[in-house]
Amino acid sequence: MYHDNDRTKLFSRRALMLAGGKGALISALIARMYYLQVVEADRYTMLSEENRVAIRLLLPPRGLILDRSGIAMAVNQHNYRVLVVSEKTPSLDYTLDALAQIIALTDHDRGRVTKEVRRRRSFVPITVRENLSWEEVARIEVNAPDLPGVMIDVGQSRFYPLEHLGAHILGYVSAVSENDQTDNDPLEELPGFRIGKAGVEKIYDMALRGKGGTSQEEVNAVGRVMRELERREGEPGVDLTLTLDMRLQEYAAQRLGDESAAVVVMDIHTGDVIVMASTPSYDPNAFNRGLTHDEWKELSTNPRAPLQNKAISGTFAPGSTFKMVVAIAALEAGVISPEQTVLCRGHTELGSIKFHCWKKGGHGSVDLINAIKGSCDVYFYEIARRVGFDKVAEVANRLGLGVHTGIDLPNERPGLIPTRAWKRKALKQPWHPGESLINGIGQGYCLTTPLQLAVMTARIANGGVQVVPHVARELITDKDSASRPAPNWPSCGVSQRSLALVRRGMNAVSNEPGGTAFRARIEQEGMWLSGKTGTAQVRRITMRERETGVKKNEELPWKERDHALFVAYAPEDAPRFSIAVVVEHGGGGSAVAAPIARDIMLEVQKRERARIASGHDCGDHACGHKEHG
Amino acid sequence: MLRPTQRLHSRLNRTEMSWREKIWQINWSLIAVLTAIAGIGFLTLYSAAKGSLEPWAVKQMVRFAMGIGLMITVAVVDLRFWMRHAYTLYAVSIVLLIAVELKGTIGMGAQRWIDLGFIQLQPSEIMKIAMILTLSRYFHGASVQDVGRPTFLIPPLLLVLLPVALVMKQPDLGTAMMVLMSSGAIFFMAGVRLWKFAILLASGLGAIPVAWQFLHDYQKKRVIIFMNPDQDPLGAGYHITQSKIALGSGGLFGKGYMNGTQSGLNFLPEKQTDFIFTMYGEEWGLMGGLFLLGLYVVLTGFGYAIALRCRAQFGRLVSLGITTTFFLYFFINTAMVMGLVPVVGVPLPLISYGGTAMLSLLFGWGLVMSAYIHRDLPIGRRGGHDD
């Protein structure tokens, strides 16, 4: 055996030392206990039994949200509440009866109050109803002598003065629920606290909510507040200025009307999103007020999805607006030259499958520019087949399709640009050569958001700079805002020559007779736009239907009609803005989407000119002053 | 080498014991002390619920009964069984720790348990015990000379650091510290020289600035608040301030059972779990606190007596390892509620409301009891009866 004896001795010695250490620690505990419970006992007893300190958290005002010109989009409003203190009422039921004769009280309200009263101590005020109108407040005040124990209290609540306008970007706030991500901010435990649930209210919630103040109050043995000892005001939330222009947003929303549609206008150099409208919209105030069951049902089951921000969460086949991407990919890969022509007879064949062009008789012999101008499907079938779809997908990703754009809004969807690898993984099927053709005209698996289309157009127009869109003018961190640094975006890695060729094609679409959007051109000097139409089919057209004549959109149920799309940039000679319009099941791109885009783009540019003009005047004025002084 | 005296002490040299003998050997006074401590817990939980067995006291009693059953089962299992399976248990705990890291449910902001459906498994609790068994087995066969060699100490050091790193990542600072400290105690008991501890301690202190970078924001906040509790009177500092008021106002003899006003008025958060000692101290005062502390000391004493009485090094190390872990539980918890150490999530052993800690602690005491029952058993290097 080993040196058991040595080891046993060592063990006993060490055990003694360890026990000694523990003894020292226990002595420390006892000393501390003695200090707290004997030496300091009187002080703590006083704090505890006669007057103890309760610390109450003060809710800081939430940051405002403004549009780029300072129009208030989200503000804080006084919220008048009627409270009842049960110990001051002779009979709670009697008081509630009296109150019900003055203001509307539901049975639900009454039940909740009676339950609360039983749970809380009798001096704690219980909220009976919130969001009282001025008239109701006045009626209660007038009848105050008959309403013992009833009092009016003012709190803060969020109000969105523009209602439906910009609702998707703003989002809304509501009480913290169990599913919310909490981060141990004590504010979240306050009953009146509201947390951002969608839009910028959600993504910039930490900055908007501010920092809570504290009020130290002396509370007696039963918890009644005796007086305030110390008050530390918190910090109000950071005010948020958006890049959106609410007047343009209003114009765009009106222009979209009752359609289920989305439009995005952005600055192609800075990434400022100037318009982002999604229709139909909703009134975010309803969420703060509390929705009735029917209202909620209507909002959540409406097939036109009013709650969804279609600009970033709606995904649509890009249709022919995708043709620029295919053209760039083919030019970059060198499989076509701009002069090369393809003969369009109205259809092409691959194996035994027939692929149709939208133009029944065909376009005849078309080169790149004419193919974009007339949106010739056969031309793009051919070049997509030559270049292979994986290369197209790569260019699409670099131009911003099929990936998150990185906008500062929640729930952005990435869409989908298929590749061979994706299909093998997701569908467990090989890629069929015919799918390169179908996806080559933006159909098939391709799905994009309107924002992605606007970003794609911006990157084509700005010379391939990978601009990232954003809606907050400043760079917002958790508790602060700072101006954005000068953008330093990488390039798409696409040659300027390819981009210029595609832009020439887009120019032809809008400004040359025979272009698919010629009728929706801008004629004002210096505001010309260049665009591309798209009509995304959502149903399958059978052989039989082709023979008997393809049904017109008006003959179809809404859900089966084509999506109308249009993307454009302007002004043609010195691009500044890009736009994407998607009208869900709206019909043809050139007939429906292009005129909307034209009108909005014209308005955007007019407003920009007016802004520069007024800014210029101001500058002159200032200069003049300087000279005089 | 058979010495003649061994024949005389036949009982001491036997390698097998019958069940009857084992049952007979159960240390009932140890169980009595455990029950007394748990009893204080039941009373306090009853008071925390404002004089009701629901929702805490009854469940706690059931858990304690189950725990005692588990403890006796563990105790009558041959100590060599635990030794033989120490490394396996360690490996399983590591796998489970990695599993929570990968897909544990998020609870209390930290990934700490796996939901098996019928029980929420907390691998870090199992690791506390597995660590002690593993180190005890490693040092069981080591001679004084072995322990003196630095190369001999590297494998167990790695065995300790791996789970500590995993637990830190969860993040569970309290458990990581406890595993580290109880492992340190075993190294110490195994005879590792003091200057080696000094080197480790020094390099550990040197690593603090680096480790600080890896702490989560809330952990940094806790440490900062500990240094300066008035800075954040509503966060963790609030707990400590209220806890001190409650304890201090208890005075020498307390406010009387069921009369704790601070906790009664909900000034005290988590009064049934981590801050239960505060509530107990408010109602029973310094005297009550000393009584409970006394019971804990008695229990620790039992652990030491059993360790010293054990013939095999494995049993000695296991007993002291478990005893030290238990000591750390109640020391850290009471020191925390009195504002001596930062707030880390360590419950008051056998008293705080909660199932996993209760079961793992009683499992540990089952091992100590097993060491007691098998105290005269010689154990070979590899857990056989001899070699």
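**Confidence**

Chain A has a mean pLDDT of 87, and 92% of its residues reach 70 or more. For chain B the mean is 82, with 83% of residues at 70 or more. Among the elements of chain A, helix 19 (residues 450–461) has the highest mean pLDDT, 97. Strand 1 (residues 52–58) of chain A has the lowest, 69.

Some stretches stay under 50. In chain A, residues 616–629 do so, and the model gives them 0 contacts beyond four places in sequence. In chain B, residues 1–12 stay under 50, with 7 such contacts beyond four places in sequence. Residues 106–110 of chain B also stay under 50, with 6 contacts beyond four places in sequence. Where pLDDT is low, the predicted coordinates should not be read in detail.

**Cores**

The largest nonpolar core holds 130 residues. V200(A), V263(A), M276(A), F322(A) and Y379(A) make the most contacts inside it. Two domains of chain A each supply at least three residues to this core: domain 1 (47–71 + 162–178 + 187–242) and domain 3 (246–281 + 308–471 + 490–613).

**A buried helix**

Helix 13 (residues 323–333) of chain A is largely enclosed by the rest of the structure, because 9 of its 11 residues are buried. The buried residues include K323(A), M324(A), V325(A), I328(A) and L331(A). G334(A) follows helix 13 of chain A and has a positive phi, near 75°.

**Interface**

Chain A puts 41 residues in contact with 60 residues of chain B. The size of an interface is often given as the accessible area lost when the parts come together. Between chain A and chain B, the buried area is about 4500 Å². Carbon and sulfur atoms give 70% of that area. How many salt bridges does the rule find across the interface of chain A and chain B? The count is 0.

**Backbone exceptions**

Most residues other than glycine have a negative phi, and most peptide bonds are trans.

| Site | Feature | Value |
|---|---|---|
| T279(A) to P280(A) | cis peptide bond | omega about -10° |
| A570(A) to P571(A) | cis peptide bond | omega near -10° |
| S375(A) | positive phi, not a glycine | phi about 55° |
| L350(B) | positive phi, not a glycine | phi about 70° |

Where do these sites sit? P280(A) lies in the loop between strand 12 (273–279) and helix 10 (285–289) of chain A. P571(A) is in the loop between strand 20 (563–570) and strand 21 (577–583) of chain A. S375(A) belongs to the loop between helix 14 (368–374) and helix 15 (377–387) of chain A. L350(B) is placed in the loop between helix 17 (313–337) and helix 18 (355–373) of chain B.

Are S375(A) and L350(B) buried or exposed? S375(A) has 3% relative accessibility, so it counts as buried. L350(B) is buried as well, with a relative accessible area of 3%.

Note on methods: Residues numbered from 1 in each chain as written. Chains lettered and ligands numbered in written order. Predicted model: local features only at pLDDT ≥ 70, side-chain atom pairs only at ≥ 80, totals over all residues. Heavy atoms only, no water. pLDDT = per-residue confidence, 0-100. Helix = DSSP H or I, 4+ residues; strand = E, 2+ residues; numbered from the N terminus. Contact = heavy atoms within 4.5 Å. Core = buried A, V, L, I, M, F, W, Y, C linked by side-chain atoms within 4.5 Å. Buried < 20%, exposed > 50% of the residue type's maximum accessible area, 1.4 Å probe, protein only. Domains from an automatic or database assignment. Buried area = accessible area lost by both parts, 1.4 Å probe. Salt bridge = Lys/Arg side-chain N within 4 Å of Asp/Glu carboxyl O.
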